[in-house]
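Let's take a walk through this structure together. Have a look at it first, and then we'll go through it piece by piece.

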Amino acid sequence: VPMVAPGNVQVHVINSTLAKVHWDPVPLKTVRGHLQGYKVYYWKVQSLSRRRRRHIEKKILTFRGNKTFGMLPGLEPYSSYKLNVRVVNGKGEGPASPDKVFKTPEGVPGSPSFLKITNPTLDSLTLEWGSPTHPNGVLTSYILKFQPINNTHELGPLVEIRIPANESSLILKNLNYSTRYKFYFNAQTSVGSGSQITEEAVTIMDE
């Protein structure tokens, strides 16, 4: 098997889901056989928004021939990763380069995990929600938009409310009685808005 590990491994993080890795080629005489390529082993150490560690699953990408760089797609935003590089000949892999740590920046969050609308009265509705399963960063706020729907399914004026990220419920007051409302709800990080979930609810007709 090859005798030495690739040197001078460098990682350039391009965005929250993509990084580029570079390395110096090993001297050909240390390959001790036919150079087939290089393998990059990489794995997520932890999510930076959730401190719990999880089962570590190593991923491997193979770059054929004498390439000295490769792309790592499909990374998770706002996470800490490690990687190393090994040279491959017909017999197997050489030793791993020292582990290199890199971090991906924040991305936009996933959609909130749920939106539930309860306790209808004549002029109010209570909203409850769960934070996104994949925050992909530090949540800065939630955005709630809602509008009435009339009997012919036309949409009325849209109202928008920004809600602090640490809230998980809200009572909407001063609504019209016996009216159907449509709600659009999403979370935000400093990067932008995530995908929204929608829900409908009706205020009651009379007490």
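Start with a charged pair: Glu 160 and Lys 145 form a salt bridge, with their closest N and O atoms 4.0 Å apart. Glu 160 belongs to strand E11 (residues 159-164) and Lys 145 to strand E10 (residues 141-149), so this pair ties together parts that are 15 residues apart in sequence. Lys 145 is partly exposed, at 28% relative accessibility.

A few ground rules before going on. This is a predicted model, where local features need pLDDT of at least 70 and side-chain atom pairs count only at pLDDT 80 or more, while totals for chains, interfaces and linings use all residues. Residues are numbered from 1 along each chain as its sequence is written, and side-chain values use heavy atoms, with hydrogens and water left out.

Now for the words used above. A salt bridge here is a side-chain nitrogen of Lys or Arg within 4 Å of a carboxyl oxygen of Asp or Glu. Strands (E, at least two residues) are DSSP runs, numbered from the N terminus. Buried means under 20% relative accessible area, exposed means over 50%, and partly exposed is in between, using a 1.4 Å probe and protein chains only.

How many salt bridges does the structure hold? There are 6 salt bridges. Another one joins Glu 200 to Arg 180, and here the closest N and O atoms are 3.1 Å apart. This pair also links distant parts of the chain, with Glu 200 in strand E14 (residues 197-202) and Arg 180 in strand E13 (residues 180-188), 20 residues apart. Both ends are partly exposed: Glu 200 has a relative accessible area of 36%, and Arg 180 comes in at 37%.

Lys 39, Arg 86 and Glu 93 are linked in a network of salt bridges. Within it, Arg 86 pairs with Glu 93, their closest N and O atoms being 3.7 Å apart. Is Arg 86 buried or exposed? Arg 86 counts as buried, at 17% relative accessibility, whereas Glu 93 is partly exposed at 25%.

Next, follow the strands into a sheet. Strands of a sheet pair through backbone hydrogen bonds, either parallel or antiparallel. Here, two strands count as paired if DSSP finds at least two bridges between them.

Look at strand E9 (residues 125-130), which pairs with E8 over 5 bridges in the antiparallel sense. Phe 114 has Gly 130 of E9 as its bridge partner, and Thr 118 stands opposite Thr 126 in E9. E8 and E9 form a hairpin with 6 residues between them, and Asn 119 in the turn has a positive phi of about 50°. E9 is also joined to E12 by 4 bridges, again antiparallel, with Glu 128 opposite Ser 169 in E12. E9 is mostly covered, as 5 of its 6 residues are buried.

Over to a loop now. Ser 190 lies in the loop between E13 and E14, and at 57% relative accessibility Ser 190 counts as exposed. Which residues does Ser 190 contact, leaving aside its neighbours within four places in sequence? They are Glu 106, Val 138 and Thr 140, where contact means heavy atoms within 4.5 Å. The C-alpha atoms of Ser 190 and Leu 139 are separated by 7.6 Å, although these residues are 51 residues apart along the chain.

Finally, step back to the domains. The protein's domain assignment gives domain 1 (7-104) and domain 2 (112-202), with bounds that come from an automatic or database domain assignment. Their C-alpha centres lie 42 Å apart, and the contact takes 4 residues from domain 1 and 6 residues from domain 2. About 420 Å² is buried between domain 1 and domain 2, of which carbon and sulfur atoms give 51%; buried area is the accessible area (1.4 Å probe) that two parts lose on being put together, summed over both. In domain 1, Arg 50, Pro 77 and Tyr 78 lose the most area to domain 2, together 78% of what that side buries. As for salt bridges between domain 1 and domain 2, the count is 0.
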